[in-house]
Amino acid sequence: MSLALSIRKRLDTGARSFTLDVCFEMRSQRAVLFGPSGSGKTLTLQAIAGLLDPDDGVIRAGEHTLFDRSRLINLKPQARHVGYLFQDYALFPHLNVRQNIAFGLHRGWSNPSRRSIHADVEYWLDILELRNVSRNYPSQLSGGQKQRVGLARALVPRPRLLLLDEPFSAIDQTLRTRMRKELCSLQTRLNIPMLLITHDTEDLTAFGEQVIELSNGRVQ
């Protein structure tokens, strides 16, 4: 599945203004948005996921239009079928591992039950080797375990596209090397297009089939 976007968004934060003006097409199964902090990488992912509304432009994933300002199309995040792994993993501290993963399937305001069993949740507990900590809470997990829980939650709804916001920044260097290999292997098995953002050159080596460099809100 290809991803194509051409978007513009102006943000004013007190004395500073920033304009995101990004246009690119993702043509590979693994692409990296690369650039320094503040270049607009996370804002770009948020726009694709439906967490940020551009002022103008178009976002298409394959044959599906996710956003088109001129045609008044702006799909809700859950209707975009996009998995998102946040930089800090954004796990719910009051939910255990099983509940955090199940939240990716959950609809409504109540939390997933501690006792509920869902085949897709059970699948990811096994695939990502989380079954032995399934009753643990985020405060009881290592950095690598938190990352895998966040990844499972992003993957359990079976997304058409996976977005990852600096997925290795919160873990130490030794674990980072292993988790890169695990993510590469998982992405190959699932065959899900993946767009990863980073400012780490080692991530480019591991995932950079296509590299899109951002600086000051624009593709270089």
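How do the residues of the lining of the second largest pocket divide into nonpolar, polar and charged? Here are some points to follow in the model, which is a predicted one.

1. Let's start with that question. The lining of the second largest pocket holds 10 nonpolar residues, two polar ones and four charged ones. The volume of this pocket is about 170 Å³. Among the 16 lining residues, I127, L128, R148, E182 and L183 are the closest to the pocket's centre.

2. Next, see where the lining comes from. Helices α4 (143–155) and α5 (173–190) each contribute at least two residues to the second largest pocket. The largest share belongs to α5, with six residues.

3. Now for the aromatic rings. Two rings are described by the distance of their centres and the angle of their planes. The whole structure has four aromatic pairs. One of them joins Y84 and F86 in a tilted arrangement, with 4.4 Å centre to centre and 35 degrees between the planes. Y84 is buried because its relative accessible area, 11%, is under 20%. F86, at 31%, counts as partly exposed.

4. R180 lies over the face of the F168 ring, 5.4 Å from the ring centre.

Definitions and conventions:
Residues numbered from 1 in each chain as written. Predicted model: local features only at pLDDT ≥ 70, side-chain atom pairs only at ≥ 80, totals over all residues. Heavy atoms only, no water. 1 Å grid on protein atoms, 1.4 Å probe; cavity = no way out; pocket = protein on both sides within 12 Å on 5 of 7 lines; lining within 4 Å. Points joined across faces, edges and corners; volume = space filled by probe spheres on them. Helix = DSSP H or I, 4+ residues; strand = E, 2+ residues; numbered from the N terminus. Nonpolar A, V, L, I, M, F, W, Y, C, P; charged D, E, K, R; others polar. Phe/Tyr/Trp six-rings, centres within 6.5 Å; stacked < 30°, edge-to-face > 60°. Buried < 20%, exposed > 50% of the residue type's maximum accessible area, 1.4 Å probe, protein only. Lys NZ or Arg CZ within 6 Å of the ring centre and 35° of its normal.
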